[in-house]
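Hello,

Here is the structure I promised to pass on. Please open it first; my notes follow below.

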Amino acid sequence: MRYEFRIAGLVSEALAEAFPELHHTAMPDQTLFYGAVTDEAHLYGLLNRFQSLGLHVLEMRQLPGSRAGPTSHE
C-alpha cells in the first residue's frame, strides 16, 4: 500500500531523515511524505513517529491504485 502524509510546516532535512522509508517534498507551508507502507503496524508506527517528533499530520490518505502486498519499486 502507498500512503501520503501532509505535515504542517516545512520539515528540515535532518528531521526528514527520521523517515528513511518515505520520500518527501517541501510545499508552501507543508511537507509531503509519501511511499510504501507495509502493513497496519507500520502505518501506526509512522503516525507515532510523526507525533513523537512534534510533527502535526494535517492529512493522511492511501494513494489511488494502492493495493495490499509488496510494491515492485519501493
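Strand 2 and strand 3 (residues 30-36) pair in the antiparallel sense, over 5 bridges. Within strand 3, Thr 31 stands opposite Ala 26. Bear in mind that this is a predicted model.

The two strands belong to an open sheet of 4 strands, ordered 2-3-1-4, with antiparallel pairing. Strand 2 (23-27) and strand 4 (57-62) are the edge strands, each pairing on one side only. From one strand to the next, the twist averages 15 degrees.

Now the overall layout. The protein has 2 helices and 4 strands. From the N terminus on, the elements run β-α-β-β-α-β. Helix 2 (residues 40-52) lies across strand 1 (2-8), strand 3 and strand 4. Helix 2 runs at about 10 degrees to strand 1. Of the 74 residues, 28% count as buried. The accessible surface comes to about 4600 Å², and 55% of that surface belongs to carbon and sulfur atoms. Take the contacts between residues at least 6 apart in sequence: 66% of them join residues at least 24 apart.

Next, the core. The largest nonpolar core has 13 residues. Those that touch the most other members are Phe 5, Ile 7, Phe 19, Leu 22, Phe 33, Leu 46 and Phe 50. Strand 1 and helix 2 are the elements that give two or more residues to this core. What does Phe 50 touch, not counting residues up to four places away in sequence? The list is Phe 5, Ile 7, Phe 19, Leu 22, Phe 33, Leu 55 and Val 57.

His 42 also lies in helix 2. Is His 42 buried or exposed? His 42 is buried, because its relative accessible area is 17% and the cut-off for buried is under 20%. Leaving aside neighbours within four places in sequence, His 42 is in contact with Glu 21, Ala 36 and Val 37.

Leu 10 is a contrasting case. Leu 10 is found in the loop between strand 1 and helix 1 (13-16). Its relative accessibility is 62%, so Leu 10 counts as exposed. Even so, Leu 10 touches Ala 26, Met 27, Asp 29, Gln 30 and Thr 31, not counting residues up to four places away in sequence.

Last, the charged pairs. A search of the whole structure finds 4 salt bridges. Here are three of them.

- Arg 61 and Glu 4: the closest N and O atoms are 3.0 Å apart. Arg 61 is in strand 4 and Glu 4 in strand 1, 57 residues apart. Arg 61 is partly exposed at 33% relative accessibility, while Glu 4 is buried at 9%.
- Glu 59 and Arg 6: the N to O distance is 3.5 Å. Glu 59 lies in strand 4 and Arg 6 in strand 1, so the pair ties together parts 53 residues apart in sequence. Glu 59 is partly exposed at 37%, and Arg 6 is partly exposed at 21%.
- Glu 21 and Arg 49: the N to O distance is 2.9 Å. Glu 21 sits in the loop between helix 1 and strand 2, and Arg 49 in helix 2, 28 residues apart. Glu 21 is partly exposed at 27%, and Arg 49 is partly exposed at 24%.

Glu 4, Arg 6, Glu 59 and Arg 61 are linked in a network of salt bridges.

Best regards

Terms used:
Residues numbered from 1 in each chain as written. Predicted model: local features only at pLDDT ≥ 70, side-chain atom pairs only at ≥ 80, totals over all residues. Heavy atoms only, no water. Pairing = 2+ DSSP bridges. Axes fitted to C-alpha atoms, helices over the stretch in contact; angles between N-to-C directions. Contact = heavy atoms within 4.5 Å. Buried < 20%, exposed > 50% of the residue type's maximum accessible area, 1.4 Å probe, protein only. Core = buried A, V, L, I, M, F, W, Y, C linked by side-chain atoms within 4.5 Å. Areas by Shrake-Rupley, 256 points an atom, 1.4 Å probe, with all protein chains shown as cover. Salt bridge = Lys/Arg side-chain N within 4 Å of Asp/Glu carboxyl O.
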